[in-house]
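Visitor: I would like to learn how to read the pockets, cores and strands of a model. Please take them one at a time.

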Amino acid sequence: MNLILFGPPGAGKGTQAKILQETRGLPQLSTGDMLRAAIAAKTELGRQVEAILAKGDLVSDDIVIGIIAERMQKPDCARGAVFDGFPRTIPQAQALDRLLEGKGRKIDLVIVLKVDDAALVSRAEQRVKDMIAAGKEPRADDKPETVKARLGVYYKNTAPLIDFYTGQGKVVVVDGMLPIEDVTRDIAFAIDRKAK
Ligand code: AMP
């Protein structure tokens, strides 16, 4: 099964993708993680995208489509994958359809995690505190002003994808305000119903 975890920054996509990776053996394909890894490794790609991530803007479609296409060729994606933070634009969604079509596959399910803006802002603040308490460097884009910019980008560029996938009958909306275990249960329910 190929599924997309969709929602604004801080909705819990990464948390739930990791759970699905453990429980279902579907690899988590997070373009955000891949870009942060490139930045940490100081690769040419990392240098190109560092300032863009720090501002909360979107990296170009060509770059993210390139990294996801490469990742999808790895053997662990043969049974499907959980897409986390990709696609974020209509051209990315169209490219993903083409990449999957090439393997005789398609997106089976799009889980939309719904979370209030106020909760997203306070989750980012909490993430910064947790990272500092753990002696780690907080994410540069979890600063309050950058979180607001990321939310603006989400509503402008990414939220329209909900209509794109609703038109294909693939969307299930899950209440992302619930405790993590309840969100996990609701996602599991949606996947199992789809798999029947
Ligand atoms: P995330 O970890 O998914 O919140 O992504 C962190 C940042 O990486 C985003 O704010 C963007 O700057 C960049 N990014 C991640 N995925 C994409 C994507 N699919 N398209 C464009 N930019 C992306």
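Visitor: Which residues lie nearest the centre of the largest pocket?

Guide: A pocket is an open set of points on a 1 Å grid over the protein atoms alone, with protein on both sides within 12 Å along at least five of seven lines; lining residues have an atom within 4 Å of a point. Here 50 residues line the largest pocket, and Gly10, Lys13, Arg127, Arg139 and Arg150 lie nearest its centre. This is a predicted model, in which local features need pLDDT of at least 70 and side-chain atom pairs count only at pLDDT 80 or more, while totals for chains, interfaces and linings use all residues. Residues are numbered from 1 along each chain as its sequence is written, and side-chain values use heavy atoms, leaving out hydrogens and water.

Visitor: What volume does the largest pocket have, and which elements line it?

Guide: A volume is the space filled by probe spheres set on the grid points, which are joined across faces, edges and corners. For the largest pocket that is about 1100 Å³. Helices (H or I, at least four residues) and strands (E, at least two) are DSSP runs, numbered from the N terminus. Elements giving two or more residues to this lining include helix 1 (13-24), helix 6 (117-133), helix 7 and helix 9 (180-195).

Visitor: Is Arg150 buried or exposed?

Guide: Buried means under 20% relative accessible area, exposed over 50%, and partly exposed in between (1.4 Å probe, protein chains only). Arg150 counts as buried because its relative accessibility is 10%. Arg150 sits in helix 7 (residues 144-158). Contact means heavy atoms within 4.5 Å; beyond neighbours within four places in sequence, Arg150 touches Pro9, Gly56, Arg127, Arg139, Asp141 and Asp142.

Visitor: What lines the second largest pocket?

Guide: Its lining includes Arg36, Glu50, Glu137, Arg139 and Asp141, and its volume is about 220 Å³. Helix 2 and helix 3 each supply at least two lining residues. On classes, Ala, Val, Leu, Ile, Met, Phe, Trp, Tyr, Cys and Pro count as nonpolar, Asp, Glu, Lys and Arg as charged, and the others, Gly among them, as polar. This lining has six nonpolar, no polar and five charged residues, while that of the largest pocket has 20 nonpolar, 16 polar and 14 charged.

Visitor: Which residues touch the most other members of the largest nonpolar core?

Guide: In soluble globular proteins, nonpolar side chains tend to be buried together. A nonpolar core is a set of buried Ala, Val, Leu, Ile, Met, Phe, Trp, Tyr and Cys residues joined through side-chain atoms within 4.5 Å. Of the 28 residues in the largest one, Ile4, Phe83, Leu96, Ile107 and Tyr165 touch the most other members. Helix 4 gives the largest share, five residues. A second, separate core of 23 residues includes Leu3, Leu109, Leu120 and Val183.

Conventions
On a 1 Å grid over the protein atoms alone, a cavity is a set of points where a 1.4 Å probe fits but cannot get out, and a pocket is an open set with protein on both sides within 12 Å along at least five of seven lines; lining residues have an atom within 4 Å of a point.
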